[in-house]
Amino acid sequence: MSKTSPGSWVAHDDAFRLSAFFDNCYDDSDAAEALGDAVMDEFPPKGDAGLFTAVARKASPFSALAYALGPDAVLRLPGWFGDFLLHAEEVRAQLPAAEEALALTGAQRRAAVERIHRWMTGLGDDPDHDAEELLEGPLRVLRHAARTGQGAAGLVRWY
């Protein structure tokens, strides 16, 4: 099974299976939602150097990133499926692994960008999603937090 989408991007079986897996890992309990709300209340104002947001309709940007990076790289990212809450010391400890996972160059980066586009088009309806920013944003936040001696949080919200 595959779904051809505008721009000729195709999401293959592995993308659909991964999407179903991520959907089943999402905790929509009242307690998890309340924690997410409390964490979001502490986020810096929009436009702050320590903030990165990725929004898409029908497709999770974190899921697209995970699909693009592959399991080995995703395991180097902090947290659980895009959710993390790190104090400053943990940010510094986690940063090298996150850099290894996200600081892609050359053919690896081009392949990751293509896979993000496939996900966002084949499983969502966002063929113009900024795949480069999806690769750069999380790392920029972690680097900012490490440089300024702050903690960092990542939160995946599904509406």
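Me: Why is Arg109 called buried?

Reply: Arg109 has a relative accessible area of 15%, and because buried means under 20%, exposed over 50% and partly exposed in between (1.4 Å probe, protein chains only), Arg109 counts as buried. This is a predicted model, in which local features need pLDDT of at least 70 and side-chain atom pairs count only at pLDDT 80 or more, while totals for chains, interfaces and linings use all residues. Residues are numbered from 1 along each chain as its sequence is written, and side-chain values use heavy atoms, with hydrogens and water left out.

Me: What makes Glu132 and Arg109 a salt bridge?

Reply: A salt bridge needs a side-chain nitrogen of Lys or Arg within 4 Å of a carboxyl oxygen of Asp or Glu, and the side chains of Glu132 and Arg109 meet at 2.7 Å, N to O. Glu132 lies in helix 7 and Arg109 in helix 6, so the pair ties together parts that are 23 residues apart in sequence; helices here are DSSP runs of H or I with at least four residues, strands are runs of E with at least two, and both are numbered from the N terminus. Glu132, at a relative accessible area of 34%, is partly exposed.

Me: How many salt bridges are there by this rule?

Reply: The count comes to 9, including the one between Arg118 and Glu114, at 2.6 Å from N to O. Arg118 and Glu114 both lie in helix 6, 4 residues apart, about one turn of the helix.

Me: Why is the pair of Phe21 and Phe81 called edge-to-face?

Reply: Rings of Phe, Tyr and Trp (its six-membered ring) pair if their centres lie within 6.5 Å, and planes under 30 degrees apart count as stacked, over 60 as edge-to-face and the rest as tilted. The rings of Phe21 and Phe81 have centres 5.6 Å apart and planes at 70 degrees, so the pair is edge-to-face. Phe21 belongs to helix 1 and Phe81 to the loop between helix 4 and strand 3, so parts 60 residues apart in sequence are tied together.
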